[in-house]
Amino acid sequence: MKRIILMVLYNLPFVPYWWWQLCHMAKNAETYSQQERWALLQKVTRRANKGGRVMIESYGRENIPETENFIFFPNHQGLFDVLALIESCPRFFAVVNKKEVSGVVLLKQVLQIMGAYEMDREDVRQSLKVINQVAEEVRAGKNFLIFPEGTRGKNGNRPGEFKGGSFKSAYKAKCPIVPVALMNAFIPFDKNTIEKVMVKVIYLKPIPYEEYKSMKTVEIAAEVKRRIEAAIAEHTD
């Protein structure tokens, strides 16, 4: 990818040391605190984004819960999505990712540092295990990010179908659901361009458990999608 090459070239004097740091921390993630892991990820991500001519514009950061643990539910635009949220989010979170991306260089190390969970969508038993593990970790004090579309969208800033099953972990954890609208995050890594790009990250008001506990997961999915689509429409120039 042209943009990744640009990111590396811009930060070339620092790349060997950062790469060593990322690989070392990825292999020994549990020996570092969440704050230490987040500090490194944000430092590297911000420098990489600057070198790659990607600007992150965030809105609604005050909607991110300060004390409660939560799960982010953004629309899924591309491989850059997680990096956009890392730069803009002040609180540590991990990701539930599909197994197909676990071998992507750099993203692999980032996911390991986060303590991410890999989900095999073809294995129902394994998926259920991940759902339960995520719920347990949220109750124990960890935040997560889950893409309710399950796969990258192909229609730019128009979200695809949100799957109800994606919200089972939140339901089991009884935690706030935080919808996140992503705009233009498909451009940096999924388009063959190195033109400057502004990626927007819009954190919407959390949906507390008391508000969604009586809803079916498909109804939760539809409501989260509706809110994200409304936010995208509001922030479209």
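Helix α10 holds both R227 and E223, which are 4 residues apart, or about one turn of the helix. This is a predicted model, and in it R227 and E223 form a salt bridge in which the closest N and O atoms are 2.7 Å apart. R227 counts as partly exposed, because its relative accessibility is 21% and the partly exposed class begins where the buried class, under 20%, ends.

E223 also forms a salt bridge with R226, and here too the closest N and O atoms are 2.7 Å apart. E223 and R226 are separated by about one helical turn, because they lie 3 residues apart in helix α10, which covers residues 217–234. R226, at 46% relative accessibility, counts as partly exposed. These residues belong to a network of salt bridges that links E211, E223, R226 and R227.

The structure holds 6 salt bridges, and one of them joins the side chains of K142 and E137, with a distance of 3.7 Å from N to O. Are K142 and E137 buried or partly exposed? K142 counts as buried, because its relative accessibility is 9%, under the 20% cut-off. E137, by contrast, is partly exposed, with a relative accessible area of 23%.

## Helix α5 and its cover

Helix α5 spans residues 107–114 and is mostly covered, since 6 of its 8 residues are buried. The buried residues of α5 are L107, Q109, V110, L111, I113 and M114. What covers them includes helices α2 (15–27), α3 and α4 (81–88), together with strand β3 (94–98). After α5 comes G115, which has a positive phi, near 80 degrees.

Q109 is buried because its relative accessible area is 10%, which is under 20%. Leaving aside residues up to four places away in sequence, Q109 touches W19, L22, C23 and A26.

## Cavities inside the model

Rolling a probe the size of a water molecule over the atoms shows where empty space is left. How many cavities of 30 Å³ or more are found in the whole structure? A search of the whole structure finds 2 of them, and the largest cavity has a volume of about 70 Å³.

The lining of the largest cavity is made up of M7, L22, L41, V44, T45, A48, N49, L83, L106 and V110. The largest share of this lining, 5 residues, comes from helix α3, which runs over residues 34–51. V110, one of the lining residues, is also among the buried residues of α5, while L22, another residue of the lining, is among the residues that Q109 touches.

## A buried loop residue and a surface patch

N63 lies in a loop, the one between strands β1 (54–59) and β2 (71–74). N63 counts as buried, because its relative accessibility is 16% and buried means under 20%. When residues up to four places away in sequence are not counted, N63 touches Y203, L204, K205 and P206.

On the surface, I4, I5, V8, L9 and L12 form a nonpolar patch, and together they have about 430 Å² of accessible area.

Methods
Residues numbered from 1 in each chain as written. Heavy atoms only, no water. Patch = residues over 30% accessible without salt bridge, like charges linked within 9 Å, V, L, I, M, F, W, Y side chains within 5 Å. Areas by Shrake-Rupley, 256 points an atom, 1.4 Å probe, with all protein chains shown as cover. Salt bridge = Lys/Arg side-chain N within 4 Å of Asp/Glu carboxyl O. Helix = DSSP H or I, 4+ residues; strand = E, 2+ residues; numbered from the N terminus. Buried < 20%, exposed > 50% of the residue type's maximum accessible area, 1.4 Å probe, protein only. Contact = heavy atoms within 4.5 Å. 1 Å grid on protein atoms, 1.4 Å probe; cavity = no way out; pocket = protein on both sides within 12 Å on 5 of 7 lines; lining within 4 Å. Points joined across faces, edges and corners; volume = space filled by probe spheres on them.
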